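Here is a short briefing to read alongside the model. Please keep the viewer open as you go through the points.

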Amino acid sequence: MMPGPLAAADLFHTVMDAAQHRCQCAGACGQPHTKGEGRCTREHGRHAGKHSGPIRLMAAAADPLTTELAAAALPASELRAWCPPCFTAARRAAQRGAEAPDADQGGLFDLNPSDA
């Protein structure tokens, strides 16, 4: 049996079983995951390389912008298995996307000759 967290162990194992103990990132982190046919290849308990320790997947919200408090109340169907590097990169990418300026607002240096 793979090691899991001490709290919410049943929920964790439900998510890991559904994910087949493999990170479910399908490019949200910005990587195409070409070796895994579009899905991250990291598996829970496996080593990522010869100089690193075992991968510890986490059960986190499918939407990486969901707060940890809100994610703790979600059912297993709304959680995904994430490796920490993919989850962090996906959260950063989603935050950058959420902070993008409104396209209708225009930019400071957007000059239109008809406005002059």
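The points below go from the overall fold to single residues.

This is a predicted model, in which local features need pLDDT of at least 70 and side-chain atom pairs count only at pLDDT 80 or more, while totals for chains, interfaces and linings use all residues. Residues are numbered from 1 along each chain as its sequence is written, and side-chain values use heavy atoms, with hydrogens and water left out.

**Overall fold**

- The chain has three helices and two strands, where helices (H or I, at least four residues) and strands (E, at least two) are DSSP runs numbered from the N terminus.
- Along the sequence these elements come in the pattern α-β-α-β-α.
- Of the 116 residues, 23% count as buried; buried means under 20% relative accessible area, exposed means over 50%, and partly exposed is in between, with a 1.4 Å probe and protein chains only.
- About 8200 Å² of the chain is accessible surface, and 54% of that belongs to carbon and sulfur atoms; these areas come from the Shrake-Rupley method with a 1.4 Å probe, and for residues only the protein chains shown count as cover.
- Among contacts with a separation of 6 or more, 49% are between residues 24 or more positions apart, a contact being heavy atoms within 4.5 Å.

- Helix H1 spans residues 9–18, and its buried residues are Phe12, His13, Val15 and Met16.
- These four cover an arc of only 160 degrees around the axis, so they sit on the same side of H1; the arc is that of the directions from the helix axis to the C-beta atoms.
- As a reminder, an α-helix has 3.6 residues a turn, so residues three or four places apart point the same way.
- On the face of H1 turned away from the buried side you will find the exposed residues Asp10 and Ala18.
- The cover over the buried residues of H1 includes strand E1 (58–61) and strand E2 (79–82).

**The nonpolar core**

- The largest nonpolar core has 21 residues, and those with the most contacts inside it are Cys23, Cys25, Leu57, Trp82, Cys83 and Cys86.
- H1, E1, E2 and helix H3 (84–98) each supply at least two residues of this core.
- Here a nonpolar core is a set of buried Ala, Val, Leu, Ile, Met, Phe, Trp, Tyr and Cys residues joined through side-chain atoms within 4.5 Å.
- Leaving out residues up to four places away in sequence, cysteine 25 touches His33, Gly38, Arg39, Cys40, Ala81, Trp82 and Cys86.

**Strand E1 at alanine 60**

- Alanine 60 lies in strand E1 and counts as buried because its relative accessibility is 8%.
- The C-alpha atoms of alanine 60 and alanine 81 are 6.5 Å apart in space, with the two residues 21 apart in sequence.
- Beyond its neighbours within four places in sequence, alanine 60 is in contact with Glu78, Leu79, Arg80, Trp82 and Phe87.

**Cysteines**

- The structure holds zero disulfides, a disulfide being a pair of cysteine sulfur atoms within 2.5 Å.
- Cysteine 83 is in no disulfide, and its nearest cysteine sulfur, that of cysteine 86, is 3.5 Å away.
- Cysteine 86 is likewise in no disulfide, with the sulfur of cysteine 83 its nearest at 3.5 Å.
- Cysteine 83 has 0% relative accessibility and therefore counts as buried; cysteine 86, at 3%, also counts as buried.

- Glutamine 20 is not a glycine, yet its phi is positive, at about 60 degrees.
- Histidine 33 is not a glycine either, and has a positive phi of about 50 degrees.
- Histidine 33 is found in the loop between H1 and E1, but at 14% relative accessibility it counts as buried.
- Setting aside neighbours within four places in sequence, histidine 33 is in contact with Cys25, Ala26, Gly27, Gly38, Arg39, Cys40 and Cys86.

**Salt bridge**

- The count comes to one salt bridge, defined as a side-chain nitrogen of Lys or Arg within 4 Å of a carboxyl oxygen of Asp or Glu.
- Arginine 46 and glutamate 43 form it through their side chains, at 3.8 Å from N to O.
- Arginine 46 counts as exposed at 51% relative accessibility, whereas glutamate 43 counts as partly exposed at 32%.
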